[in-house]
Amino acid sequence: MATATITTARGTGSVRLAHGEDWLTVCERGLLIPGRGVAVLLPDGDQAAVFMDRSGQVYAIGNRDPFTGAYVLSRGLLGSAGGRPFVASPLLKQRFDLATGACLDDEEVSVPVFAVRAD
Amino acid sequence: MPEPTFEPRTTAAASNATPHAQAHTAVPTIVVVGHGMVGQRFLESLAERGLTPAAGAARVVVLCEEPRPAYDRVRLTSYFAGRSPEDLSLVEPDFMARHGIELYVGDPATAVDRAGRTVTARSGAVFPYDTLVLATGSYPFVPPVPGKDARGCFVYRTIEDLLAIEEYAQGAATGAVVGGGLLGLEAAGALKGLGLATHVVEFAPRLMPVQVDEGGGAALLRTIQDMGLTVHTGVGTQEVTAGGDGAVTGMALSDGSSLAVDLVVFSAGVRPRDQLARECGLAVGERGGIVVDEECRTSDPAVFAIGECALTADGRVYGLVAPGYDMARTAAEVIAGGRSAFTGADLSTKLKLLGVDVASFGDAHGAAEGSLDVVYSDARAGVYKKLVIGPDGTLLGGVLVGDAEQYGTLRPLTGTVLPVAPEQLVLPAGSGGGPVALGPGALPDEAVICSCHNVTKGAICEHTTLPEVKKCTKAGTGCGSCLKVIGQLMPPPEDAGLCGCFPYSRSELYEIVRTLEVTSFVELLDSHGREEARGGDGCEVCKPTVGSVIASLAPTVGASGYVLDGEQAALQDTNDHFLANLQRNGSYSIVPRIPGGEITPEKLIVIGEVARDFGLYTKITGGQRIDLFGARVDQLPLIWTRLVDAGFESGHAYGKSLRTVKSCVGQTWCRYGVQDSVKMAIDLELRYRGLRSPHKLKSAVSGCARECAEARGKDFGIIATAQGWNLYVGGNGGATPRHADLLAQDLSDAELVRLIDRFLMFYIRTADRLERTSAWLERIAGGLDHVRDVVVHDSLGLCEELERLMADHVAGYRDEWAETINDPERLRRFVTFVNAPDAPDPSVRFVPERDQIKPDLELLAGPVLAVRTLEGTAS
């Protein structure tokens with residue numbers, strides 16, 4: 001049953017990220033592993049982190065961990081609390097809501113959120 | 001050579017303290033002579049009553065003969081089992097300073113002037129007192145046999161005695177202990193632990209004549225003989241013979257026989273130290289002991305005596321610590337102006353001698369009129385249990401040898417009518433009639449659970465955790481025999497769940513995965529997760545934990561052994577995901593395995609070349625290997641291709657798994673070495689490499705007792721002996737250092753490996769998430785004894801399975817990096833950017849420092865990015 005969920009999540013379409021007026025094609029949807037992230041290099045040199053959760057929903061936030069300054073959020077572990085997906089920074093483990101970018105452990109802090117499309 | 005200049009001797013403590021010639025101030029001065037266990041307890045009792053300098057209520061001066069403050073003399077033998085003198089200390093480091101107590105270490109009292117109310121110390125210092133407390137303890141009795149002062153004769157009382165025995169034993173092969181009582185057997189255990197062939201000579205017809213009866217003595221004798229000690233009962237020591245150099249060569253016994261021995265320890269009882277009291281004219285008993293009344297006051301109302309030096313109002317001299325503690329409390333209460341009386345004490349004891357449980361309580365010898373014995377005896381198994389029952393069915397006392405499990409519940413029931421037939425309590429499990437498990441729930445609230453500190457069940461049950469009980473009531477901090485019962489009285493924690501997703505602890509999840517052969521995280525979450533978490537994604541706590549459990553059990557449950565296969569890839573922390581250690585700037589470090597710290601020049605050159613070619617920062621680690629820092633994700637496979645080609649494999653520095661097995665150079669090169677520690681370290685490191693565990697595992701092997709590999713700071717440490725290997729477990733460095741405890745000694749290579757197999761698998765099975773062996777050993781009920789029972793004596797019948805699990809691991813091990821670089825699919829993840837696989841990460845930059853690189857942190861130090869508006873998420 002669980003395996004089926006993962007299989008449906010692996011489509012063949014592409015993942016696109018809103019960048020200014022355009023949609024930037026990031027990768028094939030099948031490259032994403034449910035529960036993990038990938039880093040994306042944006043044309044302006046900035047970085048985004050793209051995640052797919054267990055149900056196949058795709059999210060994108062900034063890749064920079066505001067607590068350390070390192071561009072590592074894409075390497076964090078995805079989880080969910082109360083039905084809301086989050087990523088935990090791999091450095092000091094602060095959690096960020098994937099839908100809003102808000103840090104769940106420090107309400108003063110947040111990261112940017114990108115609109116994302118996965119066909 | 002210049003003549004030494006003579007200066008008055010002052011102790012370090014004295015130089016900082018108030019001048020002793022200080023005039024009497026408004027507060028009274030209490031002088032305590034003796035800083036042993038009872039002396040320290042007296043000081044604590046004063047502090048509890050606010051009778052301290054810090055509280056402005058008294059000046060308190062303590063004169064201590066030994067060179068160190070009070071320590072746990074009851075556990076003296078554990079010094080040989082791996083505890084250091086510091087571990088035995090009973091005094092919190094800031095106790096004296098916090099309460100303003102003046103402690104003079106190594107400066108005993110030499111005279112008391114009762115008329116002038118002063119005490120003179122050996123240093124010459126004179127202390128006036130208003131109240132004097134004598135806590136001088138006792139001295140070992142040495143029978144007046146010829147030769148008793150020969151070189152190689154010792155007593156067994158202080159840490160200094162132990163250190164002297166330890167040193168002398170290095171040149172000895174055979175030792176004898178005169179006295180087969182409690183302390184004598186402790187001493188014999190210590191000699192055996194030092195590698196000596198050991199004799200015990202007891203004048204009485206049985207061992208431990210005071211505590212156990214004939215049947216108990218027989219059970220004890222058999223077990224102790226099975227351990228390789230030679231016991232001579234019913235014979236006295238007539239002479240200690242010495243050679244021309246004055247050193248012990250043997251003993252002549254009263255039955256005409258003789259023993260060739262190199263070392264003799266006298267442990268034939270103790271006598272109260274009442275010399276000081278005699279000299280100042282205080283009343284002493286005919287057979288010694290300072291006469292005190294029920295308030296612990298001597299014949300001079302300004303002078304008190306407590307502990308083993310006192311002859312109490314009931315006409316006895318107590319040689320146990322619990323009555324001494326009672327006296328300390330009584331004296332402190334009386335001095336504080338309260339009312340208290342010491343009228344006698346319970347002589348119950350439970351101890352573990354050479355691994356054998358021995359307990360006696362109440363009227364152990366059936367002295368009461370009309371009492372009847374209920375006895376179970378199995379000399380073959382070395383088990384003997386006797387309950388003494390009064391005519392009305394009251395439990396009067398008992399003796400337990402070989403299995404004292406029930407001591408904790410039976411002792412508090414003494415004086416009550418047993419709720420079940422007594423024979424049901426002594427019969428072994430599996431026999432028709434019993435046993436009936438008489439849990440601590442059966443005890444009345446007023447039952448004393450901790451007899452060292454006189455704490456009742458009711459007082460214990462006011463608390464909900466063991467640490468809290470220890471802190472608030474001191475129960476369990478004395479001899480420790482009641483810890484198990486206290487544990488059973490504590491309510492189970494409300495929710496021991498791992499995280500918000502699972503209501504189970506890590507060890508429970510381990511059992512679920514093992515028995516149901518679960519190989520998938522989502523399957524486990526949906527079937528065993530909390531209701532609200534099912535169908536979700538788990539969290540950063542449970543995912544790696546379950547990933548680790550599945551990896552530990554992979555060969556057994558049929559999961560892939562490669563931690564990044566399939567769904568497992570999503571469970572691993574980033575370190576495991578990239579098989580490298582994430583550093584602060586987003587770069588990774590690489591640690592190739594260097595088993596035992598042994599490396600060829602060719603391999604060293606390869607590491608150097610790789611570091612140079614990729615511009616990596618290199619540093620020697622604490623685990624005898626080399627860490628290469630500053631690699632980008634996309635460089636990891638290139639670097640590892642070079643390392644694997646040169647014969648290196650993953651060092652698992654990134655995993656919660658075995659890190660290194662350090663070694664000293666051992667017998668091969670070192671003139672002191674007694675075993676090949678390097679070979680053993682390599683064998684162990686290769687055996688346990690890749691083993692996923694609740695936390696990292698570190699180990700070391702030392703080739704001799706000098707311990708250059710620091711094995712006792714490791715999760716499992718091995719120290720060579722002339723006979724084989726000693727295995728220590730539960731050591732740790734870091735923020736909470738802990739010396740490892742001796743699990744077993746003089747093991748052969750095969751025995752050692754088998755025991756470590758079992759120990760590690762039992763730890764993996766039962767530890768919490770991120771719980772090192774040191775914390776685990778402190779937490780689990782029964783502690784080290786329980787672990788020893790399980791892995792050495794197979795008390796749970798688990799050993800075969802534990803060994804099989806480890807065999808599965810060893811057979812299933814594959815190098816993760818070799819598997820990775822040979823598989824294009826697995827290599828795909830090692831790119832920084834999914835949309836630009838060839839682009840290096842611009843945020844990972846370095847600047848030079850001391851001819852190497854370091855992270856360019858200025859690059860990372862930018863402001864927190866402003867939040868962009870969420871324009872909508874589609875999928």
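## Helix pair in chain B

In this predicted model, helix H14 (residues 506-516) of chain B and helix H16 (residues 542-552) of chain B have axes that come within 10 Å and cross at roughly 45 degrees, helices being DSSP runs of H or I with at least four residues, numbered from the N terminus. The axes are lines fitted to C-alpha atoms over the stretch in contact, with angles running from 0 to 180 degrees between N-to-C directions.

Arg506(B), Leu509(B), Tyr510(B) and Val513(B) of H14(B) make the contact with Thr545(B), Val546(B), Val549(B) and Ile550(B) of H16(B), where contact requires C-beta atoms, placed from the backbone, to lie within 7 Å.

## Sheet in chain A

Chain A holds an open sheet of three strands, ordered S2-S1-S10 with antiparallel pairing; strands are DSSP runs of E with at least two residues, and two of them pair if DSSP finds at least two bridges between them. Strand S2 (22-28) and strand S10 (116-118) of chain A are at the edges with a single partner strand each, so one side of each has no neighbour in the sheet. On average, neighbouring strands of this sheet are turned by 25 degrees against each other, direction ignored.

Three bridges join strand S1 (residues 14-19) of chain A to S10(A) in the antiparallel sense, and Val15(A) stands opposite Ala118(A) in S10(A).

## Conventions

Residues are numbered from 1 along each chain as its sequence is written, while chains are lettered from A and ligands numbered from 1 in the order in which they are written. Because the model is predicted, local features need pLDDT of at least 70 and side-chain atom pairs count only at pLDDT 80 or more, whereas totals for chains, interfaces and linings use all residues.

Definitions and conventions: Two residues are in contact if their C-beta atoms, placed from the backbone, lie within 7 Å.
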